[in-house]
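Subject: Structure for your review

Dear colleague,

Please find below the structure that I am handing over to you. My notes on what was found in it follow directly after.

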Amino acid sequence: MMQFFRKNVRSIMLVIVVLFVVSCFAGYGMYSGGGRSASGDGTRDYAVAKVDGKKIMRSALETEVAQLLQNMGMAGNITSDDYPAIRKSVLDQMAIMAELEKEIASRGIKVTPASVDEAYNSVESSFPTKEIFLQQMQQAGLDEKKLKENITEQLRQRMLFDQVMAGVSIDQTEIRSFYDTMAAVNSPMVTKQAGFNMNLAHFSNMQAAQKAYDEVSAGKKWDDAMKSAKSGDVLDFIPYEAPVFIPTAQLTDKAAYLKTQPLNTVTKPVEIASGDFLLGIKRTEQKEGTAPFDEISGDVEMMLRGQKGQQLQSKFIQDMKSRANIEILDEDLFKTPEPAIVKSGDVNNAGESDDQAASADQ
């Protein structure tokens, strides 16, 4: 697992930035003038709809559709018949965003520059280095000002939904009832997996891993042994005071040896992948079974609160949509094609016409 995150940290962090800064509906895609090419082939742009009286140009709509498909990784899996429904969905989202902005303004929700700076710094620090962060920003066509503008928008929306979520209330009877229901069906939510709380460390070479093993075996503190290694030798490690739970089912292949190692004893280093040498300490073992109510009641409450919160948010979004003023100017652009109707007897089960089937039989 740690190997996966280490190898994919750049792409994961880029997704974090995208979530902050590439909102498909930022600016609502609204333009009041024409003259732009809607398709890049010189065709004159035109207004295809209005949201709250503001024109939405064909070029803006198609740009938002393309961005949405790209962000979702669906750009190559869409047919021409799919586009009308996608355009309508994007148009609805534009209208919802417009209503959200009005709701934010009416509630007087404001974001402080300090909170924006804190979020910006948090995103930046999520990258291995500032240089990588700036490189990803540049590739995304962003700068600090644009990123902070988008963060501001995201924070304002988050504050709005926090207010919506404030209406959620949970009592102990609901929590206990939900727990009993989940326990009766052996739900994973209340079932503890078999596994171990562990400290793990990944090294780039066997010599460094062996040296750390010898030091910890001789009594040196785990964290001190990791920090004293040469730069680049330790790829990553889990601090001693913050062990992580690893399910037994995940200890497979070359990491399977960890299952049989004694508790609270550093394991000998093993190469689990090319250039990846693993060292570990199994701190405690967890048996499979149903977690006691007192142990997970807080988690159950959080789940129930999340469910109710999602219901409130969904209703709130639907209210925003029903309140929105959408006027479609080009009906054909949003019209979903009717499915082809095959008359009985025209095609048999193999997809041949009756005449073709009869000819084949002869």
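**Salt bridges and their surroundings**

Glu103 and Arg323 form a salt bridge, with their closest N and O atoms 3.2 Å apart; the term denotes a side-chain nitrogen of Lys or Arg within 4 Å of a carboxyl oxygen of Asp or Glu. This pair links distant parts of the chain, since Glu103 lies in helix 3 and Arg323 in helix 10 (residues 293-323), 220 residues apart. Helices (H or I, at least four residues) and strands (E, at least two) are DSSP runs, numbered from the N terminus.

Please note that this is a predicted model, in which local features need pLDDT of at least 70 and side-chain atom pairs count only at pLDDT 80 or more, while totals for chains, interfaces and linings use all residues. Residues are numbered from 1 along each chain as its sequence is written, and side-chain values use heavy atoms, with hydrogens and water left out.

Glu103 counts as buried at 12% relative accessibility, whereas Arg323 counts as partly exposed at 42%. Here buried means under 20% relative accessible area, exposed over 50%, and partly exposed in between (1.4 Å probe, protein chains only).

A second salt bridge joins Glu99 and Lys102, with the closest N and O atoms 2.9 Å apart. Both residues lie in helix 3 (residues 83-106), 3 residues apart, which is about one turn of the helix. Glu99 is buried, at 3% relative accessibility, and Lys102 is partly exposed, with a relative accessible area of 37%. A network of salt bridges links Asp52, Glu99, Lys102, Glu103, Arg107 and Arg323.

Lys148 forms a salt bridge with Asp117, and their closest N and O atoms are 2.9 Å apart. Lys148 lies in helix 6 and Asp117 in helix 4, so the pair ties together parts that are 31 residues apart in sequence. Asp117 is partly exposed, with a relative accessible area of 32%. The count of salt bridges comes to 20.

**Helix 6**

Helix 6 (residues 144-165) has 22 residues and reaches 31 Å from its first C-alpha to its last. That is close to the 32 Å expected at 1.5 Å a residue, where the expected span is 1.5 Å times one less than the number of residues. Among the buried residues of helix 6 are Leu147, Ile151, Leu155, Leu160, Phe161 and Val164. At the start of helix 6, a side-chain oxygen of Asp143 comes within 3.3 Å of the backbone nitrogen of Lys145.

**Two loop residues**

Asp233 is found in the loop between helix 9 (222-227) and strand 5 (234-237). Asp233 is buried yet has no salt bridge, and the nearest side chain of opposite charge, Lys230, is 5.8 Å away. Not counting residues up to four places away in sequence, Asp233 touches His202, Phe203, Ser204, Asn205 and Ala208, where contact means heavy atoms within 4.5 Å.

Thr129 is placed in the loop between helix 4 (113-125) and helix 5 (130-139). Thr129 is partly exposed, with a relative accessible area of 32%, and its side chain reaches the backbone nitrogen of Ile132 at 3.1 Å.

**The chain as a whole**

The protein chain has 12 helices and 10 strands. Of its 362 residues, 35% count as buried. Among contacts between residues at least 6 apart in sequence, 72% join residues at least 24 apart.

With kind regards

Note on methods. Lys, Arg positive; Asp, Glu negative; His and termini not counted. Polar contact = N/O pair within 3.5 Å; in protein donor to acceptor, adjacent residues only side chain to side chain.
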